[in-house]
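Please keep the sequence and the structure in view while reading.

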Amino acid sequence: MKKLAPLFLGCLLLTACRVDLPPIEACFITNDTAGGEPAEMTELSPVQLKPLAAWFAARHDDWKFEVTDHYPSGLVLQMKHPGGRKTHANLRGDVLWVRNHCRVLTSAERSELMTIIAVQHQLPAFGRK
């Protein structure tokens with residue numbers, strides 16, 4: 001058993017650096033501010049879902065695992081998947097959170113995401129975490 005512990009720990013660390021999302025059936029966008037009222041919610045069109053899924057699929061690696069029970073406020077993507085599963089992604093500045101995983105986006109990645117979702121909400125200006 002002692003020999004398996006390092007292998008098990010290594011597998012956990014490797015899986016913690018990857019975010020895989022199932023197919024996206026719907027996505028709702030809102031702007032969430034800490035302690036404030038949720039802003040209006042916008043549903044993405046079916047045409048936007050495929051590029052959004054491809055965007056996430058192209059960035060499934062290089063995520064940092066952080067244990068947190070408080071997600072930063074910012075732009076929230078509420079994604080619905082087959083079987084009733086839901087995933088929330090929070091974008092605050094250039095940091096994207098999915099569950100307990102975060103990733104710093106390049107300006108090109110962030111720009112591409114914003115173009116796909118065509119957000120019309122007024123976004124607060126945030127720095128890194």
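Helix α2 (residues 46-57) has 12 residues, which at 1.5 Å a residue should span 16 Å, and its end C-alpha atoms are 17 Å apart, which agrees; the expected span is 1.5 Å times one less than the number of residues. Helices (H or I, at least four residues) and strands (E, at least two) are DSSP runs, numbered from the N terminus. The model is a predicted one, in which local features need pLDDT of at least 70 and side-chain atom pairs count only at pLDDT 80 or more, while totals for chains, interfaces and linings use all residues. Residues are numbered from 1 along each chain as its sequence is written, and side-chain values use heavy atoms, with hydrogens and water left out.

|---|---|---|
| α2 | Gln-48, Leu-49, Leu-52, Trp-55, Phe-56 | Pro-46, Val-47, Lys-50 |
| α3 | Glu-109, Leu-113, Met-114, Ile-116, Ile-117 | Ser-107, Ala-108, Thr-115 |

Seen down the axis of α2, its buried residues fall within an arc of 130 degrees, so they line one face of the helix; the arc is that of the directions from the helix axis to the C-beta atoms. For α3 the corresponding arc is 160 degrees, so its buried residues likewise line one face of the helix.

The buried residues of α2 pack against β1 (26-32), β4 (74-80), β5 (86-92), β6 (95-98) and α3 (107-117), contact meaning heavy atoms within 4.5 Å. Those of α3 pack against β1, α2, β4, β5 and β7 (101-104).

Within helix α2, Gln-48 is buried, with a relative accessible area of 17%. Its side chain reaches the backbone oxygen of Ile-116 at 3.0 Å.

The 7 strands form an open sheet in the order β2-β1-β4-β5-β6-β7-β3, with antiparallel pairing. At the edges stand β2 (42-43) and β3 (64-65), each with a single partner strand, so one side of each is left without a neighbour in the sheet. Two strands pair if DSSP finds at least two bridges between them; β5 and β6 pair in the antiparallel sense over 4 bridges, and the bridge partner of Ala-89 is Val-98 in β6.

Technical notes: Buried means under 20% relative accessible area, exposed over 50%, partly exposed in between (1.4 Å probe, protein chains only). A polar contact is a pair of N or O atoms within 3.5 Å; within protein, one must be able to donate a hydrogen and the other to accept it, and residues adjacent in sequence count only if both atoms are side-chain atoms.
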